Amino acid sequence: MENVALSAFTPNERILMGPGPSPVPQRVLRALAAPTLGHLDPQYLAIMDHTCAMLREVFRTKNALTFPVSGTGMAGMECIAVNLLERGDEAIVGVNGVFGTRMKDVMERCGATVHAVEATWGEVITPEQIAAALDAHPKAKLVAIVHAETSTGALQPLQGLAELIHARGALFVVDAVTSLGGHELRVDEWGIDAIYSGTQKCLSCPPGLAPVSFGDRALAVMDARKTKVQSWYLDVSMLRKYYTGGGGGGRVYHHTAPINMTYALHEALTIVLEEGLDARVERHAQMHRRLRAGLEAMGLSYIPKHSLHSLNCIGIPAGADDAKVRRRLLDEYGIEIGAGLGPMAGKAWRIGLMGHGATVRNVDLVLAALRTVLA
Ligand SMILES: *Cc1c(COP(=O)(O)O)cnc(C)c1O
């Protein structure tokens, strides 16, 4: 390797307004730089326990088994899938974008037969579709759905689904990667049995941890497994002995927790709770409305009918060069926005207003920059 000065890798400060990661506050970056402790050091365990307690508040749950999985949001998805499903099981998955598609793939890799409930990208899944799928597949062990489809910008309503799903004896599983900390989300009140998220979207923490929470029904399903969890690293029956201190023997080494990332998440959650969940959700709503008004005044239109606040998916106007516009935003303004994915590639832009990035300053800046670049 050439002897390149390390300073050559100094990253620029960007204004992250894409589908994630979102901008990280200095307080969180400083927390990352605190001294590394051992993963069984009582001081570290206290920090981790407090992090889990704050996660319960942010998820609005009393679930004891709530902790950050080591890995990004996708590790959370895999963790839920491998622990709840066994070879030969059946599952129902809402597929209306990239992440529903991935969830189906991940669950099939667990050996499950997955029945997709589909909607056009940008649309949401209806309760009638879920009910029909449960009628057609009465053996389904779980119904999984994406709350905030980051690939299309659609917000999936979740209220009322638990009653349908529980009436058929299935578990209600939710992907909340782009909603936790940005949209209203009530795990206990909405009857969600297992949920995963990520640190790098509305929590405004670097990518690296995946908060998850399992309720009693999910625990019972895991305890009744006939086979070992396919993934050693993500096996909750072992992880819970470390994260909850359960299992009789106190804390048991499984893998070394990402210590400094836990500090970062602790600080990010502290910031979330200082602001207050309701105020934070309201700020995301207000910034979404401000952005939307500005974009629509420029003649741009939203693709999804039920738009997320945290992710704004708009059609690329005729005559605009997708890659060139995004490149100019990055080079001239330091602003990152997202490209379209899958069937929306070349047709959509995705503007994230997540956590620390959902500010008047960012909204007005991206509007001004787009106006200039599109002129
Ligand atoms: C970003 C995202 C994921 C994956 O998270 P990573 O941190 O990229 O692993 C999963 N689901 C949704 C809805 C997402 O937006």
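## A salt bridge across the chain

Lys141 and Asp89 join their side chains in a salt bridge, 2.6 Å from N to O. The term means a side-chain nitrogen of Lys or Arg within 4 Å of a carboxyl oxygen of Asp or Glu. This pair links distant parts of the chain, 52 residues apart. Lys141 lies in the loop between helix H5 (127–136) and strand S5 (142–146). Asp89 lies in the loop between helix H3 (73–84) and strand S3 (90–95). Helices (H or I, at least four residues) and strands (E, at least two) are DSSP runs, numbered from the N terminus. The structure holds 21 salt bridges.

## Basis of the model

This is a predicted model: local features need pLDDT of at least 70, side-chain atom pairs count only at pLDDT 80 or more, and totals for chains, interfaces and linings use all residues. Residues are numbered from 1 along each chain as its sequence is written, and side-chain values use heavy atoms, with hydrogens and water left out.

## The ligand shell

Residues around the ligand (a heavy atom within 4 Å) include Thr72, Gly73, Phe99, Asp175 and Gln200. The shell has five nonpolar, five polar and two charged residues. Here Asp, Glu, Lys and Arg count as charged; Ala, Val, Leu, Ile, Met, Phe, Trp, Tyr, Cys and Pro as nonpolar; the others, Gly among them, as polar.

## Polar contacts and cover

One is 2.7 Å from an N or O atom in the Lys201 side chain. For the Thr178 side chain the distance is 2.9 Å. At Met74, a polar backbone atom lies 2.8 Å from a ligand oxygen. The protein covers 90% of the 380 Å² of accessible area that the ligand has on its own, by the Shrake-Rupley method with a 1.4 Å probe.

Key: Polar contact = N/O pair within 3.5 Å; in protein donor to acceptor, adjacent residues only side chain to side chain.
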